[in-house]
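Subject: Structure handover

Dear colleague,

Here is the structure I said I would pass on. My notes follow below it.

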Amino acid sequence: MTAHTQGRVIPDRLTSPLARALRSWEALLLLVAVAIFIANSFASPYFLDPWNLSDASFNFTEKAMIAFAMAMLIIAGDIDLSVASIIALASTVMGAAALAGADVPVLVGLGLGTGLLCGAFNGLLVAGFGLPSIVVTIGTMSLFRGISYIVLGDQAYTEYPKGFGYFGQGYVWWVFSFELVLFAVMAVVFGLLLHKTNFGRATYAIGNNATAARFSGIRVDRIRFILFLLTGLCSGIAAVCLTSRLGSTRPSIGTGYELEVVTMVVLGGVNILGGSGSIHGVVIAAFVMGLVTFGLGLLNVPGIVMSIIIGLLLIGVIALPRLWRMWRK
Amino acid sequence: MSALLKSREAILALAIALLLVVIASRFPAFVTPGNLASVFTDTSPLILLALGQMVVILTKCIDLSVTANLALCGMIAALMNGAGVPLPLILLLVVALGAVLGAVNGLLVWKLDIPSIVVTLGTMTIYRGIIFLLTDGKWVNAHQMSEGFKAFPRAVFLGLPVMAWIAILGIVAFVLLVNRTPLGRAFYAVGGNPHAAVYTGISVGRTQFAAFVLSGALAGFVGYLWVARYAVAYVDIASGFELDVVAACVIGGIAIAGGAGSVAGCVMGALFLGIMKNALPVVGISPFWQMAISGAAILIAIAFNARGSGPKGRLILKTPEVRA
Amino acid sequence: MTPVLSLRDIQKSFPGVKALAGVQLDLYPGQVTALIGENGAGKSTIVKILTGIYQPDGGTIAVEGRETRFPTAQAASDAGVTAIHQETVLFDELTVAENIFIGHAPKGRFGLIDRKAMEAQAKALLASIHADLEPHARLRDLGIASKHLVAIARALSIDARVVIMDEPTAALSHKEIQELYDLVATLKAKGKAILFISHKFDEIFRIADRYTVFRDGQFVGEGAMADVNEGQLVQMMVGRSVDQIYPKRPAQIGAPVLTVTGYSHPTEFADVGFTLHQGEILGFYGLVGAGRSEVMQALFGITKPSHGAVKIGDEVRVIRSTAQAVAAGIVYVPEDRGKQGAVKGLPIYQNVTLPSLGRTSKGGFLRMAQEFALAREYTQRLDLRAASLDQDVGLLSGGNQQKVVIAKWLATKPRVIILDEPTKGIDIGSKAAVHDFMSELAAQGLAVIMVSSEIPEVLGMADRVIVMREGRIAAEFAGDAMTPENLVRAAVGIEGEAA
């Protein structure tokens, strides 16, 4: 290099990662979570009981498992509205197999396998054929649950082998349920995957500008396909846990989960249009939603009111910062 | 001729005709004028909702809250009827309420620039939740509704029920609206090229707002029709029906990316689903198949619509190797 | 003569940027005024103010001497100001007549649009500009030149007094540009005031009557075109004279690096073959749409060729994806920087390392220190101007974004670098820097392909030029045969004889 193109040194960062973290959405959300926790503990004497808290975790663990994969999918600029229907189909497959006498490992394998297959189907249509993910997954949302209705009609599977109950009802140690531990493990795995690997970096690049990512040598369609696969797999995992916890399968199982999953992801600070967001944000959002649901439950507020609150949360977390900015102008 | 064959509407019409022929070959009674009229009547709510959804989709949005809006307005119509409010006033009020609920969606999309899918996923649960707050989950049953309230959609006029006439009126109104008014053309402009729309003095947000208000007003009106026809109102009526509404549009060739589609396509998409739904019990298939079939129909329609519109190569060579 | 439109002391600020600091502009009836300035001089901001998209923070707009405001796009249109843009701002799904009359369609009974009247009026308007288009044809079935005609008919339909043409020839072929010039003459004859924005000096000298120059959001000067020459305009634009835009220095041309044979695509190009050597800059010239970018994108794995072979050195490589192209040592700096270049939203260092993650990571896990080291090295080589490597690429100027894209590719240590219109839309200052750097890369032994539509650039930079026409190689020139006349003749075809 000749001297005149020898440029100046540009500093790596101007703000430290810590300073940035303190000013982030996630930090604010953590404050909210702590505030709700404190408010709840004052509002009800039953709140601080470890077993009650552990019970309450079932409110969000299954949804959060899907939310981790959904967060990555949304960061990459796609969405999967069929997750709740994948739960229904996977649960139906497991129920049918259980009726035919399959044992626990086979059931789990079938549940996860169905999830993977459904994810692959979505992924093929979106990444393989270039169809828009919103309509494709609205279609598969009907298709997957529709298959459950064809199989089950107004019937239900209720015969599951004895050991199968562990995934939704068992405890690993003291108050720590299998689901809670699995949730924690998946949080770490997805946190590492999104924030510490090449795959995660490519996910962000695709979400910010898929064309430029492709022009940078990223295998965009392959990554989008894998993300749908992961979302399907996580829905399969959630299906195993939920079916195990309920001990029965109806075609309506998990109806409306997609809304709560998307709400959790958006509440966690993931940009619904793709490009930014974090797994730790989703983890905190899961706790916030779990705590709100639990707290209202202690106050005997009916379930449908909670769904109003979830709807308000979904719109509110996006609307409030925008209103704030408008007001300041 | 080849241009006609290429149009989505023609292919869809062909598919519907084929469907009818297949059904008729086994069950000729299905294609009698009387039965077809009743299929049309049965499909009227779907047609009306799909027309509203169409203009929303044309502007690059989606309204998943239509059926929650429908359920809330239907419940309020039933409650007003119980309180002795005269029918014309009820009709006026449910349309107004539906428009207001649609306007809430529209305002959030327009003023706060929130993606419509998020807004309507949210309002979908909120609107249904409000029904619960109003009624504590209780049903309004047939015996709690006045005869006049229940009879209006079924009243026969010139051989067709009022419900069917309303659908026909809706179709005519939308043909005029979409093709012959500045607002109608603005729906296409905003969805087709939002950037350019701004330069021609069309406000993207305001047009999207108008689409949501229209969709909401129709949902409110259909809410009354629905509750009166089935003579029952409760929290979960028409739950999940929003997917059928979107399906009708997608099958009808309304481009989900906005800016393209026609009233004819939209109506035929709704009719396709309506015929399917009514034919299933006739041909001896369990109604539980319906959901999967409409899901499959959506997927086939999207794949079909995308066919040829994908990123083809540019046509540069004078004598290309294969004709595109 | 009094101006139709007169702007005085217009101010406009955006967060952190003063886009316009008191500029003035006068447009006269029957005259073409060229607005000249580097990128970032404030040209697009003034267009947006004139069309009611932006509101000025200060200053006055006067139409026919009367002070007015354009609070909305509709207001500007009502005042008779209309714009024909770089990308045609029309609607593919609407018909020609609907496009012309959108926003002001003739109304019939019940306030509904009167289609018959609309199509008749559209037909008359199109005839007045000698455009042979059907009013009921759908716009999506028309070519880009026809779309321009529709846009102009639209300008006439609202009885515009002021027509703004923002880089109208950017996407047009040679023949279409001629037709556009004729149209401008027609508009002038009708007494319209025309604001013409272009980067092409030959064009400006050909059709403009007056000029106005902006620099860094400030008014520099105005006058009659007859009173200036090219050098004076350049000096006004950049505030200094640019004597060395093409610093091509002789490089040692070595062994073949890239050999392409029989390269074909079903619709885009056929039978393209060439050899590129180490240290060589190979120019690709042709009209817009001649298939040059398409060949390059196939070489880079974006599209799939139907026939043909690619050899890197002596080794045949199959390239089916961009990842394989990068692995083979071929990289591509795209023409469309906004969409295909930098990943806006990601910080600079992540953009630079995106294709090199395999080297900076370990077992699939990121290593930040290695990433920053790599980004630091290459951004420094390119003399990038930025606050920090952690800064969002989207916040950089166009020229600096281009540097990030080039840094990204150099960091992969490529053997072949393809630059597609590397200086399109870049201001003159940055242009020289890019040319300088290109020479340097070639001198270091890299093989360079430069796709360019600017003849001076091709002649100034390339060692050899391949001219493409209609998807095929039309001619190849080297040495003394590299003349503007030869290039243009080959590009338009012999029967064109247009140069």
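Helices (H or I, at least four residues) and strands (E, at least two) are DSSP runs, numbered from the N terminus, and two strands pair if DSSP finds at least two bridges between them. The model is predicted: local features need pLDDT of at least 70, side-chain atom pairs count only at pLDDT 80 or more, and totals for chains, interfaces and linings use all residues. Residues are numbered from 1 along each chain as its sequence is written, while chains are lettered from A and ligands numbered from 1 in the order in which they are written.

Chain C: strand 19 and strand 20 form a hairpin with two residues between them. C:Glu470, in the turn, has a positive phi of about 45°. The strands, residues 464–469 and 472–478, run antiparallel and are joined by six bridges. C:Met468 has C:Ile473 in strand 20 as its bridge partner.

Chain B: an unreviewed UniProt entry annotates several spans as "transmembrane region", among them 89–108 and 155–178; such annotations may be inferred rather than shown by experiment. Residues 89–108 are 100% helix and 0% strand, with end C-alpha atoms 29 Å apart. For residues 155–178 the end C-alpha atoms also lie 29 Å apart, but the span is 71% helix and 17% strand.

Chains A and B: 38 residues of chain A are in contact (C-beta atoms, placed from the backbone, within 7 Å) with 34 residues of chain B. On the chain A side, helix 7 (133–152), helix 13 (257–267) and helix 15 (303–328) each give two or more residues. Helix 7 of chain A gives the largest share, 14 residues.

Regards

Terms used: Contact = placed C-beta atoms within 7 Å.
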